[in-house]
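Subject: Handover of a structure for your study

Dear colleague,

Please find the structure below, together with its sequence. I would ask you to keep it open while you read the notes that follow.

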Amino acid sequence: MATEKPSLYDNFTLRGESYKAGMLLLIKYLTEQEWKLGNKFPARLDFISEQIERLYKNYADDFKKEKIFSFKAANESLNNRLLKSYISILDFHTTLENPFQSLLLAERYSVWLKGRRPFETQVIFPVRENDTNPKNLNIVLSEKPLVDQELLFPEYSDNDTLWFKSLATWQQNFIIGNQKELVACSIPSSLRNVPGLANLSYHECKINNAVALSYFRHAAQLPIDLLENKNTDDEQFRLTCLNLASQIRLSLKEKSDVLTSTSELVILSQSILSPGKIASAKAKFFNRASDNDSQIYALKERAVKLFQYALANPETSIEDLKVKALFFTQNEQSENLFYKDFLKKWGLFAEDNKAYQYKPIRFTLLSTNNPFNVLRHFGAYPLQNKHNEFNTALLLGAVARYLNHLFRLKPKINQQDERVERWPQLIEYMNQFNKVESFNFQLSQLIKELSFCEKVGKISANSRKSLVKLLESFFNEEIKKNLDENVFQLLHALHALLSIPCGQGVLASDERHKPQLRSFAETMIVNCLGGVSWVACKSGKDRTGGASIAVDAAAVYYHQNKKFPHYQDSKSDRGNYLILLEELFRSKHQQHVAAENAPGAEGLVKSTYFFPSDLKLDVETVQLETKLARLNKPKTVKNTPTEFFNLQILNEDLQDVKDKTINMTLGTNVTEGDWERNWDVYFINGRSVRELRKNKRFESKQDLSQFIETHLLEQIEDKELKKYYIALVLYSFHQGGFPHTFSKLSMQLINECYQQHNQNAIIGQPDMRINFSWSKDGKGIQIEEINTYKEKKSFDTSDNEVVLVEKGDYYCQTSSCISLNLSKVKNNGYKLAASIQSANVNCTEELLKPVFFLKKSNLSEAFMHLLQLFLAAIKRYFDKLVKLDPVLNERWLSKANSAFFQKSTVTAESEKREQQFHLLDMISPDFFIINDRMKVAST
């Protein structure tokens, strides 16, 4: 299926949908300690989930309705409308230290759990004027996501590893709860705090239905977020080795069908990194520590050397104490360990026949680095090619061994037919003999020079020059007839590699991008050898995408011209290769790979930096792609609420319930009946009363009392205090009391609002959930009340009939948590404190918003509010010094506030109630349960 460039609507709605999935995942796995109320309440999760879904729906609808075309406007919509709303929810309900970063991580975890699917992109190249083949070239690029489940499952199951302990608890819970699913899913490149090869897929390039090229692509072997954690050096190396072992294992698995017919398997791990002092300084002073290419490259090279030695010397004893400590248990370390034991850890060495698991073949593990960074031009990274020459020499040795089977046998003269004249036959024989002798001599010279380079571990200028000349001697038509297509392609790829001048050059002299030419030449050589190449940059998408486009274009170029692009190509040949580069870039295949890791972020970052400078791409396209690609890491979004819930309206009702409780005027005690009827509505510590009761009805008030004591008040050690709390629950925890404070108020306010605006509507009963819990600080009962309004009814005055007119998505949600606290006072009584811990209203109907929210403050109001805060602070300070004669009366502040804002005059009685709410009221110590009713004695 061909991938097309999506519109901004597609990009940003996909991105928003992914953040929605992240939010839903995050609230699901947050621990009790990460919720402000100190518990997990299913109804709260449902309430927040509905908000999350509605916010995304509104965002997507508004985006489509407003027809946003500019990237800036679209990005502001994503950040200001959606992400800020999500951060606001997390700020309100959770104790997360950094809600924004938590959301980003959760979004990446959701992408991981969702997994990736194989996909392919079709590209058609029209017939060129000089082509002998009249058919169009049909190119199909495909990606097959892969993981090494056998190695990763034990790693994800071990909760004692350093990387696992460094995760937040909710992340640990997520991994534990989804181990079986996650071990089968490709890790997104932006999630770099877990083991496994991120952004891993097996890439194939087919030309007219024939596989021309295949290789693996992935992100760096190190989970780079570990670079930001101190004292993790050993863990970094261990996980780099684990991921390198996965590369070897997956290479063997991919080539399992040909292992029986080959004597050597070449595995090339190619990095597209830019290590050096500048990279280290940039990571230290300008970017995150996880951007340190030098450390990533050093760890990879160290791991490669360890595996190279182990594969070459499996029977050698391990003397390195660090290797023993990192990869073997204490009991195992007491034994005599060999490198074959190290290989067994990764399933690379079979116990029974003391051979490699698949076959006793020769492994040639190679590692090269071809930095694509723009600063390569100035030679700013001295480490970038440190190991290249040695590993390239090893690659030449593998080519030499591959070519050994090409030696031709000398021809034999046919002496059986005496009727044939001997002289012409002899002439033909001599010609054949000379050709074979010449071919074998040339081949032996080539193999000898290749083997010499491997032996000395480097490629001198003379060897390079000699090899280029020897290779050119094989390209005449006569010799070409005696070479199969794969060998001819191998020799051309080797010639292209050795023809590239050494060094990086400066901007003007490296417009053809020598590192990119080396990268595709190495990959093509390994492909012709029947080996496996692995191409990776830090994230496995941008620079890796550039390398992938280059090697695919080289394969197509060879199909068209029977040679590979060269550094010294003519302007015409170079132009043909650049056309292929541009067409494969425009196919959007690599951009789609990037979007698989972050839905909607379909682009490559600054592609002109890693493409050759003589490739002229559309500037606006490159800039837009860079912006789209960076959607996977949005800039920090902070919560700036625009609407403030008016707490005063809830305060007054809460105070009224408290006064009625103290004065015993709350009404008929119906607590037992309400708990019977509402046992699917009432919860204790997140579990419904029905569940806790196991469907058993309450037998009496004493049964309810015992139930409350067992499940809600078990933390109270003071028996006298516990008696008071039980009395408080039995008297005021019913539909007319504390648990339903906000629902009664909101229903009343919404109905009044509809009446004022001539709306002939009556709201239906809300979907209600109420959770009782003991507070985190252990000082009282929390009552969390959640109401969702979905139904509307119409009252027909003609026949007094109520008709349901609407039932669907919610139009209003209310959420509140009040705290009730009883504490002893000097005269041996108890005082009741009733306070609002949180209150939240989510209105989708604009008409209702003024009912619940305060108007926006202007600058003068903000200044007055700040002045009042200063006065209050001064008062509290002097109150401590002069306790009997306070400097200022808090009632004065209330009056000043009312006068300034020109609000309705507060009556003396309401002021008195306000003060009572803050100063708390007394409850007599004789507040007992007597004969199923409450009695209050004088203090």
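**A buried arginine and its partner**

Arg238 is buried, with a relative accessible area of 14%. Please bear in mind throughout that this is a predicted model. Arg238 takes part in a salt bridge with Glu155, and the closest N and O atoms of the two are 2.7 Å apart. Glu155 belongs to helix 5 (residues 149-157) and Arg238 to helix 9 (residues 233-254), so that the pair, 83 residues apart, links distant parts of the chain. Glu155 is buried as well, at a relative accessible area of 8%.

**Other salt bridges**

How many salt bridges does the count come to? The count comes to 41 salt bridges.

One of them joins the side chains of Asp680 and Arg690, at 2.7 Å from N to O. Asp680 sits in the loop between helix 27 (671-677) and strand 11 (682-684), whereas Arg690 sits in helix 28 (residues 689-693), so this pair ties together parts that are 10 residues apart in sequence. Asp680 is partly exposed, with a relative accessibility of 39%, and Arg690 is partly exposed at 32%.

A further salt bridge is found within a single helix. The side chains of Lys57 and Asp61 meet at 3.1 Å, N to O. Both residues lie in helix 2 (residues 42-66), and because they are four residues apart there, about one helical turn separates them. Lys57 is partly exposed, with a relative accessible area of 43%, and Asp61 is partly exposed at 37%.

Salt bridges can also be connected to one another: Glu264, Arg362, Arg401 and Glu454 are linked in a network.

Strands of a sheet pair through backbone hydrogen bonds, either parallel or antiparallel.

Strand 1 pairs with strand 2 in the antiparallel sense over seven bridges, and Gln122 stands opposite Val140 in strand 2. Strand 2 also pairs with strand 3 (residues 201-207), again in the antiparallel sense and over seven bridges. Here Lys144 has Tyr202 of strand 3 as its bridge partner. Seven of the nine residues of strand 2 (residues 137-145) are buried, so this strand is largely enclosed by the rest of the structure.

Elsewhere in the sheet, strand 5 (residues 264-271) and strand 9 (residues 532-537) pair in the parallel sense, over five bridges. Gln270 stands opposite Val535 in strand 9.

**Helix 26**

Helix 26 (residues 647-662) has 16 residues. From its first C-alpha to its last it reaches 22 Å, close to the 22 Å expected at 1.5 Å a residue. The buried residues of helix 26 include Ile649, Leu650, Leu654, Val657 and Ile662. Among them are also Asn651, Gln655, Lys658 and Asp659. The helix is followed by Met664, which has a positive phi, near 60°.

**Cysteines**

How many disulfides does the structure hold? The structure holds zero disulfides. Cys812 is in no disulfide, and the nearest cysteine sulfur, that of Cys843, is 3.9 Å away. A disulfide would require the two sulfur atoms to be within 2.5 Å. Cys812 is buried, with a relative accessible area of 0%, and Cys453 is buried, also with a value of 0%.

**Asn840 and its contacts**

Asn840 lies in strand 17 (residues 830-843) and is buried, with a relative accessible area of 16%. Which residues does Asn840 touch, not counting those up to four places away in sequence? They are Phe47, Gln51, Phe92, His93, Phe742, Gln813, Thr814 and Ser815.

Yours sincerely,

A colleague

Methods: Residues are numbered from 1 along each chain as its sequence is written. This is a predicted model: local features need pLDDT of at least 70, side-chain atom pairs count only at pLDDT 80 or more; totals for chains, interfaces and linings use all residues. Side-chain values use heavy atoms; hydrogens and water are left out. Buried means under 20% relative accessible area, exposed over 50%, partly exposed in between (1.4 Å probe, protein chains only). A salt bridge is a side-chain nitrogen of Lys or Arg within 4 Å of a carboxyl oxygen of Asp or Glu. Helices (H or I, at least four residues) and strands (E, at least two) are DSSP runs, numbered from the N terminus. Contact means heavy atoms within 4.5 Å. Two strands pair if DSSP finds at least two bridges between them. The expected span of a helix is 1.5 Å times one less than its number of residues.
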